[in-house]
Amino acid sequence: MTIRVVGSSRPHLRQAKRPYVHPNRRGPGGPPVPGADPDVEAGAACVEVETELFFTDRPADIELAKSICESCPVRTACLERALENNEQFGVFGGLTANQRRALRRKRARQVGGEAA
């Protein structure tokens, strides 16, 4: 595959033209997720479940995803990784994005209260 460079002669303005790939239809592979531990992921209850279930807006699907997380042996590790990576979407560790934001604020208040 040949990459054609377009734009000005200034390197910071150059763009490599590649075929567009929709972000939700990417193939497997790519850079590793920060903090990902293959051993933890292999033991997760969601390993055989379609990923889309954890990234939906339908309340019934969200509840189903949370119920899968309830029985997961690596739930805590999953939640901590989502908090560390500031995951903005989906269900991780049994919590939705809004619940994780609230937990982050609560932890920040607790740390702030201990420092005072």
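**Notebook: salt bridges, rings, a pocket and a loop**

I began with arginine 58, which is exposed at a relative accessible area of 53%. My cut-offs, with a 1.4 Å probe and protein chains only: buried is under 20% relative accessible area, exposed is over 50%, and partly exposed lies in between. The model is predicted, so I note the limits: local features need pLDDT of at least 70, side-chain atom pairs count only at pLDDT 80 or more, and totals for chains, interfaces and linings use all residues. Residues are numbered from 1 along each chain as its sequence is written, and side-chain values use heavy atoms, with hydrogens and water left out.

**Entry: salt bridges**

I searched the whole structure and found two salt bridges. The criterion is a side-chain nitrogen of Lys or Arg within 4 Å of a carboxyl oxygen of Asp or Glu. Side chains of opposite charge can pair when their charged atoms come close.

Which residue does arginine 58 meet in a salt bridge? The partner is aspartate 61, at 3.2 Å from N to O. Aspartate 61 counts as buried, because its relative accessibility is 17%.

Next I looked at arginine 107 and glutamate 80. Their side chains form a salt bridge at 2.8 Å, N to O. This pair joins distant parts of the chain: arginine 107 is in helix 4, glutamate 80 is in helix 3, and 27 residues separate them. Arginine 107 is partly exposed at 34% relative accessibility. Glutamate 80 is also partly exposed, with a relative accessible area of 27%.

**Entry: overall layout**

I listed the elements. The protein has four helices and two strands. From the N terminus they run β-β-α-α-α-α. Both kinds are DSSP runs numbered from the N terminus: helices are H or I with at least four residues, strands are E with at least two.

How much of the protein counts as buried? The share is 21% of the 116 residues. I then checked contacts, meaning heavy atoms within 4.5 Å. Of the contacts with a separation of 6 or more, 37% come from residues 24 or more positions apart.

**Entry: aromatic rings**

I found one aromatic pair in the structure. Phenylalanine 55 and phenylalanine 92 sit edge-to-face, 5.8 Å centre to centre, with 80 degrees between the planes. Phenylalanine 55 is in the loop between helix 1 (38–42) and helix 2 (59–70), while phenylalanine 92 is in the loop between helix 3 (75–84) and helix 4 (97–115). The two are 37 residues apart, and the pair links distant parts of the chain.

The rule I used: rings of Phe, Tyr and Trp (its six-membered ring) pair if their centres lie within 6.5 Å; planes under 30 degrees apart are stacked, over 60 edge-to-face, and the rest tilted.

Are the two partners buried or exposed? Phenylalanine 55 counts as partly exposed, because its relative accessibility is 45%. Phenylalanine 92 is buried at 13%.

**Entry: second largest pocket**

I took the second largest pocket next. About 180 Å³ of space lies in it. The volume is the space filled by probe spheres set on grid points, joined across faces, edges and corners. A pocket here, on a 1 Å grid over the protein atoms alone with a 1.4 Å probe, is an open set with protein on both sides within 12 Å along at least five of seven lines; lining residues have an atom within 4 Å of a point.

The lining includes Phe54, Phe55, Asp57, Ile62, Gly90, Val91 and Thr96. By class it has six nonpolar, five polar and one charged residues. The classes: Ala, Val, Leu, Ile, Met, Phe, Trp, Tyr, Cys and Pro are nonpolar; Asp, Glu, Lys and Arg are charged; the others, Gly among them, are polar.

**Entry: loop between helix 3 and helix 4**

Threonine 96 lies in this loop. Threonine 96 is buried at 18% relative accessibility. Leaving out residues up to four places away in sequence, threonine 96 touches Ile62, Lys66, Gly90 and Val91.

Leucine 95 is in this loop too. At 19% relative accessibility, leucine 95 is buried. Its contacts beyond four places in sequence are Leu79, Gly90, Arg100 and Leu103. I also checked cysteine 69: it is 26 residues from leucine 95 in sequence and 8.7 Å away in space, C-alpha to C-alpha.

Leu79 is one of the buried residues of helix 3, with Arg81, Ala82 and Leu83. Just after helix 3, asparagine 86 takes a positive phi of about 55 degrees, although asparagine 86 is not a glycine. Asparagine 86 is partly exposed at 37% relative accessibility.
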